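Thanks for coming. I would like to walk through one model this morning, and I will keep to what can be read from the coordinates.

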Amino acid sequence: MRMGRYCKAYSLNRLREFSEWTAKAQNVVRENNPDEKKLDVDRESSEDIYLYLQENYTVTDGIFIDENIVFDSVTPEWKNFCQQTLKFETPEFPVDEPA
């Protein structure tokens, strides 16, 4: 389990606006039972499902960058969608310099 430096939550409905969206439904965790996966992320009523867009442009169900990956088809078109439509940008973090 590894946490990235930055991620941002988006509703599944927003992410599905991308024309080439394909979710790995087996990696979405049910809220009422985290051990039971295989939630139908293609159902119509998905406004209550939030996923995390990570700094590397993958989408996860949870804050960890390398767990429950729902979408990992990182293409120039996807990056453009994230930047232009979702207004996703990774903030610049100051570099800690040794004293």
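First, the ground rules. This is a predicted model, in which local features need pLDDT of at least 70, side-chain atom pairs count only at pLDDT 80 or more, and totals for chains, interfaces and linings use all residues. Residues are numbered from 1 along each chain as its sequence is written, and side-chain values use heavy atoms, with hydrogens and water left out.

Let me start with the sheet. Helices (H or I, at least four residues) and strands (E, at least two) are DSSP runs, numbered from the N terminus. Two strands pair if DSSP finds at least two bridges between them. On that basis there is an open sheet of four strands, in the order β1-β2-β3-β4, with antiparallel pairing. Strands β1 and β4 are at the edges with a single partner strand each, so one side of each has no neighbour in the sheet.

Going through the pairs, β1, residues 7–11, runs antiparallel to β2 over five bridges. Tyr10 sits opposite Leu51 of β2. Between β2 and β3 the pairing is again antiparallel, over two bridges. Here Tyr52 has Thr60 in β3 as its bridge partner. The hairpin of β2 and β3 has four residues between the strands, and Tyr57 in that hairpin takes a positive phi near 70 degrees.

Gln54 belongs to strand β2, and Thr60 to strand β3. Are they buried or exposed? Buried means under 20% relative accessible area, exposed over 50%, and partly exposed in between, using a 1.4 Å probe and protein chains only. Gln54 has 0% relative accessibility and therefore counts as buried. Thr60 is also at 0%, so it is buried.

What does the side chain of Thr60 make a polar contact with? A polar contact is a pair of N or O atoms within 3.5 Å; within protein, one must be able to donate a hydrogen and the other to accept it, and residues adjacent in sequence count only if both atoms are side-chain atoms. The partner is the side chain of Gln54, at 2.9 Å. A polar atom of the Gln54 side chain also lies 3.4 Å from the backbone oxygen of Ile63.

For contacts in general, the cut-off is heavy atoms within 4.5 Å. Not counting residues up to four places away in sequence, Gln54 touches several residues, including Tyr6, Cys7, Phe64 and Phe88. With neighbours within four places left aside, Thr60 has contacts that include Leu51, Glu67, Asn68 and Val70.

Next, helix α2. This helix covers residues 76–85, and Trp78, Phe81 and Cys82 in it are buried. They span an arc of only 95 degrees around the axis, taken from the directions from the helix axis to the C-beta atoms, which puts them on the same side of α2. The buried residues of α2 pack against α1 (12–15), β2 (50–54), β3 and β4. Just after the helix, Lys87 has a positive phi of about 60 degrees.

Then the rings. Rings of Phe, Tyr and Trp (its six-membered ring) pair if their centres lie within 6.5 Å; planes under 30 degrees apart count as stacked, over 60 as edge-to-face and the rest as tilted. Nine aromatic pairs turn up in a search of the whole structure. One of them is Phe71 with Trp78, a tilted pair at 4.5 Å centre to centre and 50 degrees between the planes. Both of these residues are buried. Trp78 and Phe81 have ring centres 5.6 Å apart and planes at 25 degrees, so this pair is stacked. These two lie three residues apart in α2, about one turn of the helix. Phe18, Trp21, Phe71, Trp78 and Phe81 form one aromatic cluster.

Last, the loop. Where is Asp66? It is in the loop between β3 (59–60) and β4 (69–71). At 39% relative accessibility, Asp66 is partly exposed. Beyond its neighbours within four places in sequence, Asp66 is in contact with Met1 and Arg2. A polar atom of the Asp66 side chain is 2.9 Å from the backbone nitrogen of Arg2. Asp66 and Gly4 are 62 residues apart in sequence, yet 8.5 Å apart in space, C-alpha to C-alpha.

That is the end of my list.
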